[in-house]
Amino acid sequence: MTKVKVFFFLLLFVLSFYALTLSSLSFASTSSQYTLRPGLFFVYNLTTVVFNTKNITVIKDMIFQKVIKIFPNGTFLGEEIIYNVNNKDYSPPSFFVNNLSSPADLYYVSPSLLGERTLVKGGDYFTLISHYGSIYVYSTSATFEGVTLNFTIWFNDTGVALKFVTLQYGVNGLVSNSTSVLWLTNFINPNVKPPSFAGYTEGYVITAGLLPTEPLPQRIYKYIIFAGVIAILVILLFRK
């Protein structure tokens with residue numbers, strides 16, 4: 001092998017190593033930049049359409065979620081408030097502690113988990129049903145005493161949920177459709193400020209007598225409350 005060939009191969013090796021190093025550093029920088037952090041918030045517009053026998057009821061809500069604190073053990077403290085647009089009321093804040101990589105209550109997953117055929121989120125199993133461009137679509141379902149809930153969530157490649165839909169079916173077909181769409185977040189741009197929700201007053205939550213006589217399994221109950229399936233659990237917000 002001539003000296004020219006040796007030099008050529010050495011040059012290729014150095015350039016390849018340099019490119020791989022830059023790629024690794026770039027990925028590490030991006031991954032560390034776009035992760036959960038204190039002060040991070042998400043606001044979703046939630047529209048619930050309930051199909052009654054005689055009419056259709058449309059309920060508008062906004063879901064506000066915020067990361068308050070990150071713990072060393074790989075968990076975080078989060079806060080959630082639901083704002084009812086119809087009545088200009090909001091629910092008392094609720095707090096939760098979740099895993100950082102695949103939180104049960106926050107609509108986010110670590111980007112490293114996207115693309116897996118099965119995604120475990122909060123103890124529930126979601127199946128990858130579609131992947132196009134930077135969008136990953138996962139779905140799961142549950143049935144209890146004649147009530148079926150189909151839950152579908154659209155993630156972008158940063159792990160943020162752009163949309164999630166809950167369809168509730170009864171013995172006579174579709175009962176309700178709850179669709180949430182991401183409206184505002186500071187996930188990419190930390191300079192984005194949360195909305196003020198001016199004019200909203202704190203209410204209190206009561207439940208109507210539409211629940212089954214037996215308690216719902218925890219996973220179904222969680223979907224009903226968070227997605228706002230009003231036909232089973234009615235959230236009435238009254239002014240103080």
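Predicted model: local features only at pLDDT ≥ 70, side-chain atom pairs only at ≥ 80, totals over all residues.

Trainee: How many aromatic pairs does a search of the whole structure find?
Mentor: The search turns up 15. To sort a pair, look at the angle between the ring planes: under 30 degrees counts as stacked, over 60 as edge-to-face. Tyr 107 and Phe 164 make a stacked pair, with 4.1 Å centre to centre and 10° between the planes. Tyr 107 sits in the loop between β5 and β6, while Phe 164 belongs to strand β10, so their pairing ties together parts that are 57 residues apart in sequence.

Trainee: And which kind of pair do Phe 197 and Tyr 200 form?
Mentor: That one is edge-to-face, at 6.1 Å centre to centre with 85° between the planes. Both Phe 197 and Tyr 200 are buried. They also belong to one aromatic cluster, together with Phe 41, Phe 64, Tyr 83 and Tyr 90.

Trainee: What sits over the ring of Tyr 107?
Mentor: The charged end of Lys 121 does, 5.8 Å from the ring centre.

Trainee: Now the strands. How do β7 and β8 pair?
Mentor: Check the direction, then the bridges. Strand β7 (residues 124-132) and β8 run in the antiparallel sense over 5 bridges, and His 131 stands opposite Tyr 136 in β8. The two strands form a hairpin with 2 residues between them, and Gly 133 in the turn has a positive phi of about 60°.

Trainee: What about β8 and β9, then?
Mentor: Those are antiparallel as well, over 9 bridges. Tyr 138 faces Ile 153 across that pairing. Again there is a hairpin with 2 residues between the strands, this time with Glu 145 in the turn at a positive phi of about 50°.

Trainee: How many residues of β8 are buried?
Mentor: In strand β8 (residues 135-144), 8 of the 10 are, which leaves the strand mostly covered.

Trainee: Why would residues like that gather inside?
Mentor: In soluble globular proteins, nonpolar side chains tend to be buried together. In this model the largest nonpolar core has 25 residues, and those with the most contacts inside it are Tyr 44, Tyr 138, Ile 153 and Phe 155. β1, β2, β8, β9 and β10 each supply at least two residues of that core. Apart from it lies another core, of 9 residues, including Phe 41, Val 43, Met 62 and Tyr 83.

Trainee: What does Phe 155 touch, leaving aside its neighbours within four places in sequence?
Mentor: Its contacts include Tyr 107, Leu 114, Tyr 138 and Ala 161.

Trainee: And where does Asn 156 lie?
Mentor: Asn 156 is in the loop between β9 and β10. Its relative accessible area is 16%, so Asn 156 is buried. Not counting residues up to four places away in sequence, Asn 156 touches Leu 114, Ser 134, Ile 135 and Leu 162.

Note on methods: Residues numbered from 1 in each chain as written. Heavy atoms only, no water. Phe/Tyr/Trp six-rings, centres within 6.5 Å; stacked < 30°, edge-to-face > 60°. Helix = DSSP H or I, 4+ residues; strand = E, 2+ residues; numbered from the N terminus. Buried < 20%, exposed > 50% of the residue type's maximum accessible area, 1.4 Å probe, protein only. Lys NZ or Arg CZ within 6 Å of the ring centre and 35° of its normal. Pairing = 2+ DSSP bridges. Contact = heavy atoms within 4.5 Å. Core = buried A, V, L, I, M, F, W, Y, C linked by side-chain atoms within 4.5 Å.
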